[in-house]
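Here is a short tour of one structure, taken a few elements at a time. Keep the viewer open and follow along as you read.

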Amino acid sequence: MNKTKITYGFPQSKEEVKSAYRFVQQLLEIKLTHPRQEEYYLDVFETLPSLLIVAKSQESIVGCAFGSKNPFNKEEIGEILIGELCVHPNFQGNNIGKTLLTRLETNAKKEGFTALILGARRGAEPFYFKCGFSANFFFQIENTNCLEELKKLTIKYPIRKAEIDEGWTRLTLETINMVPKLEQQISARFPDGYIHYAFTKKID
Ligand SMILES: CC(C)(COP(=O)(O)OP(=O)(O)OC[C@H]1O[C@@H](n2cnc3c(N)ncnc32)[C@H](O)[C@@H]1OP(=O)(O)O)[C@@H](O)C(=O)NCCC(=O)NCCS
């Protein structure tokens, strides 16, 4: 990597939010169907700008971590969703990702938030473990008659959340680590379901 100094900050104007979003959009190949588009972060900028962390080398953006109040979990108002995090490939492996997360964590704490949550992309999980996150197995399926069977199959793990909502069943378990055996078992029994890990970290 170019050994120039990396600086960290948050956008000072809507134009800077837009530039940071373009960076993230390109690196993560964000599509128009993605739930958090530029508008979403322009709104976050109005209320919680310090949750939009940008790393720069000279004047160029080399990494971003975007947080916002978790829109999926209205009752847990203390939770920050880390929606997007990425470091330019030429700059990866230099502690920039970890520093972006630490900055976001510090700022979220200053704003009174108590936990971070994110959905990791495949391959990025070891990074989140290194940053102090725990993995929570998440399963959802468009079927409202399977929660009891799911609970029996996953009895070893504490339930973080179980819900049946608008035709969907969703189950989140406090597995702490990834559980490949359970993944295999559940996907063999419910091949139409969707398995994912929610990574969480308490920051209070
Ligand atoms: C994941 C990502 C943000 C990590 O950023 P980074 O700046 O390269 O990571 P860091 O240098 O801060 O790494 C911190 C630690 O995690 C480890 N690490 C980082 N990425 C890793 C990976 N994919 N697998 C295993 N370990 C990883 C590093 O080796 C380092 O370990 P150390 O503290 O023992 O030295 C970056 O690789 C990236 O943007 N990837 C592509 C997009 C992506 O997957 N984003 C995550 C979306 S959920």
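This is a predicted model: local features need pLDDT of at least 70, side-chain atom pairs count only at pLDDT 80 or more; totals for chains, interfaces and linings use all residues.

Strand S7 (residues 159-165) runs antiparallel to S8, and 6 bridges join the two. S7 and S8 form a hairpin with 2 residues between them. In that turn, Glu-166 has a positive phi of about 45°.

S8 (residues 168-176) also pairs with strand S6 (residues 134-141). These two strands run antiparallel as well, joined by 6 bridges.

## Helix H1 and its length

How far apart are the end C-alpha atoms of helix H1? They are 20 Å apart, which agrees with the 20 Å that the 14 residues of H1 (residues 14-27) should span at 1.5 Å a residue. After H1 comes Glu-29, with a positive phi near 50°.

Which residues of H1 are buried? They are Val-17, Ala-20, Tyr-21 and Val-24. These residues cover an arc of only 100° around the axis, so they lie on the same side of H1. The general rule behind such a pattern is that an α-helix has 3.6 residues a turn, so residues three or four places apart point the same way.

The buried residues of H1 are covered by elements including helix H2 (38-47) and strands S2 (52-57), S3 (60-69) and S4 (79-87). On the face turned away from the buried side, H1 carries the exposed residues Glu-15 and Gln-26.

Definitions and conventions. Residues are numbered from 1 along each chain as its sequence is written. Helices (H or I, at least four residues) and strands (E, at least two) are DSSP runs, numbered from the N terminus. The expected span of a helix is 1.5 Å times one less than its number of residues. A residue is buried if 20 or more other C-beta atoms lie within 10 Å of its own, exposed if 12 or fewer, and partly exposed in between; C-beta atoms are placed from the backbone. The arc is that of the directions from the helix axis to the C-beta atoms. Two residues are in contact if their C-beta atoms, placed from the backbone, lie within 7 Å. Two strands pair if DSSP finds at least two bridges between them.
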